[in-house]
Amino acid sequence: MNQLREKLFAAAERLRRASIEITDVPGMKNQAQAMLDRADRLTANRFTVALFGAFSAGKSSFANALMGDLVLPVSPNPTTAAINKIMPPTEEQPHGTVRVVLKSRDAIEQDVLRSLAVFGLSAPDLEGALDELNKIDVAQIPPTAKPHYTFLKAVTKGLGEMADHLGGELLVDMKAFKGFVAKEEKACFAEYIELFYSCPLTDQGIVLVDTPGADSINARHTGVAFEYMKNADAVLFVTYYNHAFSQADREFLLQMGRVKDTFEMDKMFFIVNAADLAASEEELQGVITHVEKNLLTCGIRLPRIYPVSSQTALLARMLEAGKLAGSAEKVYRQRTQTAEGEPLMPAEEGFALSGMAHFEQDFLRFTIDELTQIAVNAAIAEIRRAHETLSEFMRMATSGESERLARRDAANEAQAAALAAVDALSVTSMERDLDKEREELLFYVKQRLFFRFNELFGFAFNPAVLKEDGRNMKQALQGCLTDLLRSISYDLAQELRATTLRLEKYMNRQGVTLIQHWQRDVQAHATSLSLSPYQPRQVETLTFAEDLPVTSQAFQPALSLFKNTKDFFEQDGRVKMREDLEKRLQEPVSAYVSGGSEQLRDQFSTLFSTIVETERALVKEQVASYFTGLIAALEMKVDLNELEGKLKRVAAELE
């Protein structure tokens, strides 16, 4: 029996037993139901682990090492890659079942039109857009646009076969699954794929989500990646031993840095794959230090970094399962420096050599010990609250007759006063504070964007694109401008997403404060009433504009400053254009941030009002239930022997 699910199931059973004891006690029916609801959540609990990393960082290999078998094939170009979810099998979805959820026709059309626009082309519909492909001069495609062209070609190739299935889902086998992952002309149509697969990871109740590369150009992938970064219980980022961080890596890591301190726990793990390429321990430490410095520039301090060889780990797992043979055995001998004819290194030693054992030890400690204990502690707190209420009822029922009569007469007045106190609490100042927090969080967004402007400009207007080799320089400059504007709007949208998460955290702190205020006010009239804790809300991340509120025509005077590559890169041409573009961008950037601020104001103002009214109603319900039980005890409408037995049995669940 695995440790994680064993702990959760045990806590759920304690809740259910305690719920049975209190369900027929006057005033405790709602609390009993709340305990059952929490028990059901614990039983069905799934810990989600999101796997991120750039294309070719070895994500698939690392995921396979976690699962102990060759499950995921190497994904195609990240533009076309789908999200793969490795799920625990169920009765309805047994081991090996694959569910492919396909994009709608409209979603494919929007993706295609968006990629087509990168080449300055447009079309009225999907088929028209694909016809426009013939107008693209392959020799003139800049590096940043190549993934878009690859995506468009993949859609063209696969549309005939997939057209009838768009907007639906397919149940396929493992062989077909590998086709949807590894073939671009199929992968580009998949919204996400669920593989129900039994392995050491999923047997613990863990869902592994293998995301598209950080360098995916799919606009929806950015939002999806943020949701997994935000909501996953653990986040794993894989980089390759001798690869420098790409621009896409940096953008993703910057977003991780923006939101890292909003999480209650540090749930990020950084993997340096192919660590066995290091010639020495000194070289390996040098790479780890390099990664650590890069993460620090992205705002990620004190990261947990694990050098691993996922291939060695996978081979060791396959040896353990008796699946290592042929060429795989030969590679394992090379990795473990075992000569031909000598006994193979034991699987456990090979796994330790790979570095995966150290990672898994820390990772499982985090999921089993830390995350599981939080859920268990919340369950125990629920039982303890029930025990305190039962104890109060028992004390009232066993008090002297004169005291009971006096308390009964006062109970109705106390209940009315407690309910009045709940209604009287004003949240005006909290609403003002939430609005002020939003304004302060957004105040420096524009400044941070322009602090990065030189970097973004240099990435867009670079020597690899602006080369005088016969290419259309005017078209190349226009492409550079398009890349710059896209980078800026992307950066601003990421800032607004991060702001959403910060505001969510602030609003949930206000929710906790709200319950604390009501607890204080209510206990003035009901000394032993302990309110249920505030349950944090998860806020839907809004969709922010993909483009700045300005046309590219507004920047043509800046592009006209370009004379030739020598003037641009070796003299002051680059500086002049950058300064001119920076001036012209001030107003559209301000307008973008202002528009996003209004979206967030409307969203959080409405949400906070809903939270206040919902929580107020719940508190009043708890007050009414408490006094119902209290009056029943004072009027001796309870069986003392039975109540005493219930109290002892609930107390036993706390031991």
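1. First, the ground rules. Residues are numbered from 1 along each chain as its sequence is written, and side-chain values use heavy atoms, with hydrogens and water left out. Since this is a predicted model, local features need pLDDT of at least 70 and side-chain atom pairs count only at pLDDT 80 or more, while totals for chains, interfaces and linings use all residues.

2. Overall picture: the protein has 24 helices and nine strands. Both are DSSP runs numbered from the N terminus (helices are H or I, at least four residues; strands are E, at least two). Along the principal axes, the C-alpha atoms fill a box of roughly 105 × 70 × 55 Å. Of the 655 residues, 53% are buried; buried means under 20% relative accessible area, exposed over 50%, and partly exposed in between (1.4 Å probe, protein chains only). Take contacts (heavy atoms within 4.5 Å) between residues at least 6 apart in sequence: 82% of them join residues at least 24 apart.

3. Now the inside. The largest nonpolar core has 170 residues, and Phe62, Phe359, Phe461, Ile488 and Leu581 have the most contacts inside it. Helix α23 (residues 573-634) gives the largest share of this core, 19 residues. Another core lies apart from it, with 38 residues, including Ile83, Val207, Val235 and Ala274. A nonpolar core here is a set of buried Ala, Val, Leu, Ile, Met, Phe, Trp, Tyr and Cys residues joined through side-chain atoms within 4.5 Å.

4. Which residues does Ile488 touch, not counting those up to four places away in sequence? They are Leu449, Phe453, Leu456, Leu548, Leu585 and Val589.

5. Have a look at Phe393, in helix α15 (residues 356-397). Phe393 counts as buried because its relative accessibility is 2%. Leaving aside neighbours within four places in sequence, Phe393 is in contact with Val25, Pro26, Met28, Tyr626, Gly629, Leu630, Ala633 and Leu643. Phe393 and Tyr626 are 233 residues apart in sequence, yet their C-alpha atoms are 9.4 Å apart in space.

6. Helix α23 also holds Gln603. Is Gln603 buried or exposed? Gln603 is buried, because its relative accessible area is 14%. Not counting residues up to four places away in sequence, Gln603 touches Thr500, Val539, Glu540 and Leu542.

7. Helix α10 (residues 247-259) is mostly covered, with 13 of its 13 residues buried. From first C-alpha to last, α10 reaches 19 Å, close to the 18 Å expected at 1.5 Å a residue. That expected span is 1.5 Å times one less than the number of residues.

8. The second largest pocket holds about 1,500 Å³ of space. Of its 39 lining residues, Asp233, Glu264, Ile374, Pro536 and Gln538 are the closest to its centre. Helix α15 gives the most to this lining, with eight residues; α2 (29-43), β1 (47-53), α9 (219-231) and α20 (473-523) are also among the elements that each supply at least two. The lining divides into 18 nonpolar, eight polar and 13 charged residues. For the terms: on a 1 Å grid over the protein atoms alone, a pocket is an open set of points where a 1.4 Å probe fits, with protein on both sides within 12 Å along at least five of seven lines, and lining residues have an atom within 4 Å of a point.

9. Most residues other than glycine have a negative phi. Leu302, in the loop between α11 (281-297) and β9 (305-307), has a positive phi near 50°. Gln337, in the loop between α13 (326-335) and α14 (347-353), has a positive phi of about 55°. Leu302 counts as exposed because its relative accessibility is 75%, and Gln337 is exposed with a relative accessible area of 74%.

10. Finally, two pairs to find on screen. Glu655, in the segment after α24 (640-652), is exposed at 78% relative accessible area. Glu655 and Ile380 are 275 residues apart in sequence and 9.8 Å apart in space, C-alpha to C-alpha. Glu132 and Arg407 are also 275 residues apart along the chain, but 83 Å separates their C-alpha atoms. Glu132 sits in the loop between α5 (126-131) and α6 (146-162) and is buried, with a relative accessible area of 15%.

Conventions: Grid points are joined across faces, edges and corners, and a volume is the space filled by probe spheres set on the points. Ala, Val, Leu, Ile, Met, Phe, Trp, Tyr, Cys and Pro count as nonpolar, Asp, Glu, Lys and Arg as charged, and the others, Gly among them, as polar.
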